[in-house]
Structures are given as C-alpha cells and as structure tokens.
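Subject: Structure handover

Hello,

Here is the structure you asked about. Please open it first, then read my notes below.

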Amino acid sequence: MSSSLASSSNLDGSDDTSPQQKQSKKPKYSRFTQQELPACKPLLTPGIVIGIFALVAVLFIPIGLASLSASEAVVEVIDRYDADCVPNDMHGKELDFIQNSSTNKTCTRRLTIPKTMKSPVHIYYELDNFYQNHRRYVKSRSDKQLLQPSKEAETKVCAPEGNTPDGKPIVPCGLIAWSLFNDTYQFSINSGSIQVNKKNIAWASDRSHKFSKDVYPKNFQKGALIGGGKLNESIPLSEQEDLIVWMRTAALPTFRKLYGRIEKDLNANEEITVVIENNYNTYSFGGQKKLVLSTATWIGGKNNFLGVAYLTVGGLCLSLVLAFIVLYLFKPRTLGDPSYLSWNRNPSASTD
C-alpha cells in the first residue's frame, strides 16, 4: 500500500519534478542567434563618403572613355537586303515569292568598304522582329537527343516537329532546329572569290558538351512544310556549326549570329560583290534581314552602351563629390551632434 502511494501522484495534482529535470524550451545560446558575431560597422563620415564617390569616378570615367574609343575603332558594313532582293514584279507579294521553290532567289549586292578592315573580318546575319525567346520556341528541343544516340526517340518536348507523319523521330527535333537560317553568301573582289572560314564559329563548350559527335541528322526537313535549312546526314551534329550557332537562342528580338570569317584584310574603298541566296522567310512575320561585316577590338564588336554606362555612373559620382564638398565647406556639421536628433530639434513634441 505504501509503495503504491509513493508511486502515485500527489492528491492535489502537483508535480514534484524539479525545474532542472524538465527539458527547457528555450533555444540554446549562440553568438549567431544573439547577433554577437564580429561585424564591420563603418562610420560614414563626410570624408569617407566623398572619397568613395571620388574613387568610383576616377575608375569609371577612364574605363568609359577607353570603351567608347575601342567601340569607335570597330569598322562595320551593314546591308539590309530582304526588300531589295525581291523582284520588282513581286513587291507586295513577297510571301508568294519566298514560298515558291521555282523562283530564282539569287541576289547580287555590292558593298563598299569605308575604312581598312583588318582580318579577321567577321560575317554576321542580323534578324529583326524574330522572337527566339518565345517560351514555346525555346523549350522545343531535346538536349538528350542531341547528346546521346540512344535517346533519339526522346521527342516529346519537340512537338510539333518531333516525329515524321509515319512516326519516325526527327534528329534534331524541335522548332529551333526546324527554323534553321538558310541564306547563303558568296564574296568576291575584282572577280576573285574570297574564302569564308566557317570553322570554330560556335562556342567550344557547345560543340563538346551539347552536341555529340556520334549523333547524325535523321528525317530532318522531310515533312511537307520546310522551316529553314537542311543538314548533311553524313556529318555529326558536333560539326554542324551553323546549327549549333543557331540553336543558342537570342534573348532579344533583334540579334546577330556569326556566319563565318574572312581571313584577309579589306582595303578602304574596295568594292565587294556578294551573291546572296535569299531563302529565309522573314516576310511572313514582318522581319528584316541584314548582312554585317565587322572587325573586332578588345571590347568585341561595335557597342557604345558599355562606354556610355561607365561614363554616366562616373559622371554622376563626380557630380556628387563636388556637391558634397560644397556642402561640407559652406555648411559643416559636427559629428555626433545630438542637436540634430528629431526630439532635440522639436523639444515641445517630446514633452507633450
């Protein structure tokens, strides 16, 4: 009887367990939770603020000037040919012209070199109003199929260009590959042809890690509706560099893609004859096509945006430096002066 009473709870329902025996619900102490870790808390004095803005201005303004100078040193020749390469009797009927396989789509253009262009001269095609960033367009490709021969049937994400009408897989599948750019350019000077180097125009990482040397085109552009260029079925995808360049989709509706390089200098005032095969259909969506010849500097191609951005930020910082110096000289303020606190500047508000 005594043992049962000893093991039972007190009659008044109280618990004799000591607080030390109960498990505490408080979080364990740590310097991180209590925000006691070492921290850098700089005191932004007027001198430090002026010095920081001055340093940014000193760095950014020369970089901006150098970038603009490099951009201005780039020589470009741009020729829009989509409208001029349509016969006069087909103006207003461009779509009929481009979709008719029997029409002659050869077009001859003559370009004058304004300044000496040092090799290599990069050849680009530029498209406008072409939205490669459309969600359905970007997703219409099978990366597994491009990289592994055993995955050639992985075409579910490629609809409507995944399989032929009889169910055979298309390699490469998808709308991106199907719409491959297929205009061609042949260059000559004084009746002498100019060789175009089309090697290494694609990123080395794309050739090595995204397109396999063991995957070959199959059933490509064999349907009733042809979207763009065709591929040589005897050449692996890793060597089809025009395709690789095209399948690195652009982020903006106006973009350039590398077509090749001319490995010789082009002298000022020389006239280049370009024979264009005007095959690519941009007329159905109101797009434009341009041929671009361009040199390059350490900053790349011609682009003033980077230089203007650096000069804008540097000039703004320089203006702030001058403004802060004037304020500091003509209206100085003692550091840590409590009279500037809101309750000291309006004492009556605190007493209320």
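Start with residues 48-70. This span is 100% helix and 0% strand, and its end C-alpha atoms lie 33 Å apart. Residues 308-330 are likewise 100% helix and 0% strand, with 33 Å between the end C-alpha atoms. Helices (H or I, at least four residues) and strands (E, at least two) are DSSP runs, numbered from the N terminus. An unreviewed UniProt entry places the feature "transmembrane region" at residues 48-70 and 308-330. UniProt positions follow the numbering used here, feature names are shortened, and annotations may be inferred rather than shown by experiment.

Two notes on method. This is a predicted model, where local features need pLDDT of at least 70, side-chain atom pairs count only at pLDDT 80 or more, and totals for chains, interfaces and linings use all residues. Residues are numbered from 1 along each chain as its sequence is written, and side-chain values use heavy atoms, leaving out hydrogens and water.

Next, the surface. Ile-325, Val-326, Tyr-328, Leu-329 and Phe-330 form a nonpolar patch with about 550 Å² of accessible area together. Patches are made of residues with over 30% relative accessible area and no salt bridge; like charges are joined within 9 Å, nonpolar side chains (Val, Leu, Ile, Met, Phe, Trp, Tyr) within 5 Å. Areas come from the Shrake-Rupley method with a 1.4 Å probe; for residues, only the protein chains shown count as cover. Val-326 sits in helix H9 (residues 305-330).

Now the disulfides. A disulfide is a pair of cysteine sulfur atoms within 2.5 Å. How many are there by this rule? The count is two. One joins Cys-85 to Cys-107, S to S 2.1 Å. Cys-85 is in the loop between strand S1 (76-80) and helix H3 (94-99), and Cys-107 is in strand S2 (residues 106-112), 22 residues apart. This link is left-handed, with -70 degrees about the S-S bond. Why does Cys-85 count as buried? Its relative accessible area is 5%, and buried means under 20%, exposed over 50%, partly exposed in between (1.4 Å probe, protein chains only). Cys-107 is buried too, at 7%. A disulfide also joins Cys-158 to Cys-173, S to S 2.0 Å. Both Cys-158 and Cys-173 are buried. Cys-40, by contrast, is exposed at 72%.

Then the sheet. Five strands form an open sheet in the order S1-S9-S3-S7-S6, with antiparallel pairing. The edge strands are S1 and S6 (196-197), each pairing on one side only. Two strands pair if DSSP finds at least two bridges between them. Strands S3 (residues 121-128) and S7 (residues 255-262) have seven bridges. Glu-126 has Arg-256 in S7 as its bridge partner.

Last, the charges. A salt bridge is a side-chain nitrogen of Lys or Arg within 4 Å of a carboxyl oxygen of Asp or Glu. The whole structure has 15 of them. In one, Lys-302 meets Glu-72 at 3.9 Å, N to O. Lys-302 is in the loop between strand S9 (288-294) and H9, Glu-72 is in helix H2 (residues 46-72), and 230 residues separate the pair. Asp-84 forms a salt bridge with Arg-109, the closest N and O atoms being 3.3 Å apart. Asp-84 is exposed at 51%, while Arg-109 is buried at 15%.

Best wishes
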